[in-house]
Amino acid sequence: MADNIYPVSTLPRSAREELLGQHGMMIWFTGLSGSGKSTVALGVERALHERGILCRVLDGDNIRTGINNNLGFSPEDRRENIRRIAEVGKLFVDTGIVTLAAFVSPTNEYRQLARDIIGADDFKEVYVSTPLEECERRDVKGLYARARRGEVKDFTGISAPFEAPIHPALTIDTSKQTLEESVRQVMALIIP
């Protein structure tokens, strides 16, 4: 950090959380494109909202059309994408908001970077382990087919690697369970 920058906050996190009556945390969904990360995150968002818990979903497509619209999919850009998301997520978490991040985040290194920025106590990793074949079958955007034809470079699962998490807080396979079952499992991480 530059010598002339001084982060400012007039209220401690505890005051914000007391105001909201909840504890901020990050639920980080990782998995291949089409695995169901965003679908489950949106289901959890609805369930939290119904319980009066303020939350926010951060999703790959939404972030890449805004704050990260200048990034591509090279390893360096992917790392910067995750770094920026984690920094924004930390602001939400420190405000007391339950934050649901749905990103491929293909390597353990990238996810560890996010965990380090947000803080291990506030970070819960959910691995959406849906098999590649099912992700390809669900591919409404046609990205897997384009990647297999070589039209999309650095596509995770086809021309770029994906590392399964080492110790996720939860592993779900949306090809073997319903959305409702997946949402219930994630909710148990948030509201034990």
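A residue is called buried when its relative accessible area is under 20%, exposed when over 50%, and partly exposed in between, using a 1.4 Å probe and protein chains only. By that rule F155, with a relative accessible area of 10%, is buried. Welcome to a predicted model, in which local features need pLDDT of at least 70, side-chain atom pairs count only at pLDDT 80 or more, and totals for chains, interfaces and linings use all residues. Residues are numbered from 1 along each chain as its sequence is written, and side-chain values use heavy atoms, with hydrogens and water left out.

**Aromatic rings**

- The structure holds four aromatic pairs; rings of Phe, Tyr and Trp (its six-membered ring) pair if their centres lie within 6.5 Å, and planes under 30 degrees apart count as stacked, over 60 as edge-to-face and the rest as tilted.
- Y127 and F162 form a stacked pair, 5.9 Å centre to centre with 20° between the planes.
- This pair links distant parts of the chain, 35 residues apart: Y127 lies in strand β4 (residues 123-128) and F162 in the loop between α7 (143-148) and β5. Helices (H or I, at least four residues) and strands (E, at least two) are DSSP runs, numbered from the N terminus.
- Both Y127 and F162 are buried.
- Y144 and F155 make an edge-to-face pair, 4.8 Å centre to centre with 85° between the planes.
- That pair also joins distant parts of the chain, with Y144 in helix α7 and F155 in the loop between α7 and β5, 11 residues apart.
- Y144 is buried, with a relative accessible area of 1%.
- W28, F103 and F123 are linked into a cluster by ring pairs.
- The charged end of R64 sits over the ring of F73, 3.9 Å from its centre; this label applies if NZ of Lys or CZ of Arg is within 6 Å of the ring centre and within 35 degrees of the ring normal.

**T174 and T130**

- T174 is found in the loop between β5 (170-172) and α8 (179-190), and T174 is buried at a relative accessible area of 15%.
- The side chain of T174 makes a polar contact with the side chain of T130 (2.8 Å), and another with the side chain of R138 (2.8 Å).
- A polar contact is a pair of N or O atoms within 3.5 Å; within protein, one must be able to donate a hydrogen and the other to accept it, and residues adjacent in sequence count only if both atoms are side-chain atoms.
- T130 is found in the loop between β4 and α6 (132-137), and T130 counts as buried at 3% relative accessibility.
- The side chain of T130 also reaches the backbone oxygen of S35 at 2.8 Å.
- Not counting residues up to four places away in sequence, T130 touches residues including L32, C135 and I172, where contact means heavy atoms within 4.5 Å.

**Strands β2 and β3**

- Strand β2 (residues 55-59) is largely enclosed by the rest of the structure, because four of its five residues are buried.
- β2 and strand β3 (residues 98-102) pair in the parallel sense over five bridges; two strands pair if DSSP finds at least two bridges between them.
- The bridge partner of D59 in β3 is A102.

**Cysteines**

- A search of the whole structure finds zero disulfides, a disulfide being a pair of cysteine sulfur atoms within 2.5 Å.
- C55 is buried, with a relative accessible area of 14%, and C135 is buried at 0%.
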